[in-house]
Amino acid sequence: MTTQTDGETYELRLTRASASTIRVHSSIDFEDALRQLRAKLEQQNLLLLCNKYRRDAFISSMSRQMSEGISCYLVVAGELVAPELLDDSLGPAPRSDVVTAKEASKFINEWIASFDD
């Protein structure tokens with residue numbers, strides 16, 4: 001599903017039975033390509049059951065730099081991120097944990113705000 005070509009372009013390609021292939025490219029990293037893919041899928045009312053699209057998936061700037069955007073934290077309400085919470089963005093996720101980008105953003109913003117107290 002993912003390939004890195006020429007050391008500078010990140011590509012995600014999703015092949016589906018009886019449907020056209022979805023391709024996205026980024027010159028930044030896989031996180032950027034995953035955001036593009038999510039937007040294309042959501043336009044078609046589809047969700048990809050992977051960790052990156054979970055409600056509790058969070059990408060820190062450090063994890064993004066270290067993994068080229070292919071790892072994410074799976075956060076726990078009220079707890080700070082920890083290295084053991086880092087997971088493969090493309091790893092499988094249960095349907096019950098996968099939400100739209102809007103829902104995920106709301107959860108993560110509330111999680112971040114919980115540390116302001």
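**Close-up views of a predicted chain**

**Figure 1. Polar contact between S26 and D32.** The side chains of S26 and D32 form a polar contact of 2.7 Å; the term denotes a pair of N or O atoms within 3.5 Å, where, within protein, one must be able to donate a hydrogen and the other to accept it, and residues adjacent in sequence count only if both atoms are side-chain atoms. The model is predicted, so local features need pLDDT of at least 70 and side-chain atom pairs count only at pLDDT 80 or more, while totals for chains, interfaces and linings use all residues. Residues are numbered from 1 along each chain as its sequence is written, and side-chain values use heavy atoms, with hydrogens and water left out. The side chain of S26 also reaches the backbone nitrogen of I28, at 2.9 Å. S26 belongs to strand β3, residues 22-26; helices (H or I, at least four residues) and strands (E, at least two) are DSSP runs, numbered from the N terminus. With a relative accessible area of 4%, S26 is buried (buried means under 20% relative accessible area, exposed over 50%, and partly exposed in between, with a 1.4 Å probe and protein chains only). Leaving aside residues up to four places away in sequence, S26 touches E8, T9, Y10, D32, A33 and Q36, where contact means heavy atoms within 4.5 Å.

**Figure 2. The whole chain as context for the close-ups.** Three helices and six strands make up the secondary structure of the chain, and from the N terminus the order of elements is β-β-β-α-β-α-β-β-α. The chain is as compact as a globular protein of its length, because its radius of gyration of 14 Å is close to the 13 Å that the globule rule gives for 117 residues; the radius is taken over C-alpha atoms, and the rule is 2.2 Å times the number of residues to the power 0.38. The C-alpha trace spans about 45 × 30 × 20 Å along its principal axes. Of the 117 residues, 37% count as buried.

**Figure 3. Y73 in strand β5.** Y73 is located in strand β5 and is buried, at a relative accessible area of 10%. Although Y73 and F58 are 15 residues apart along the chain, their C-alpha atoms are separated by 5.0 Å. Not counting residues up to four places away in sequence, Y73 touches several others, among them D56, A57, F58, V81 and P83.

**Figure 4. R54 in the loop between α1 and β4.** R54 is placed in the loop that joins these two elements. Its relative accessibility is 14%, so R54 counts as buried. The side chains of R54 and D56 are joined by a polar contact of 2.9 Å. Beyond residues up to four places away in sequence, R54 touches L74, A93, P94, D97, V98, V99 and A104.

Figure 5. Most residues other than glycine have a negative phi. N45 is not a glycine, yet has a positive phi of about 60 degrees. N45 lies in the loop between α1 (30-43) and β4 (57-58) and is exposed, with a relative accessible area of 73%. E68, likewise not a glycine, has a positive phi of about 60 degrees. The loop between α2 (61-67) and β5 (71-74) holds E68, and at 33% relative accessibility E68 counts as partly exposed.
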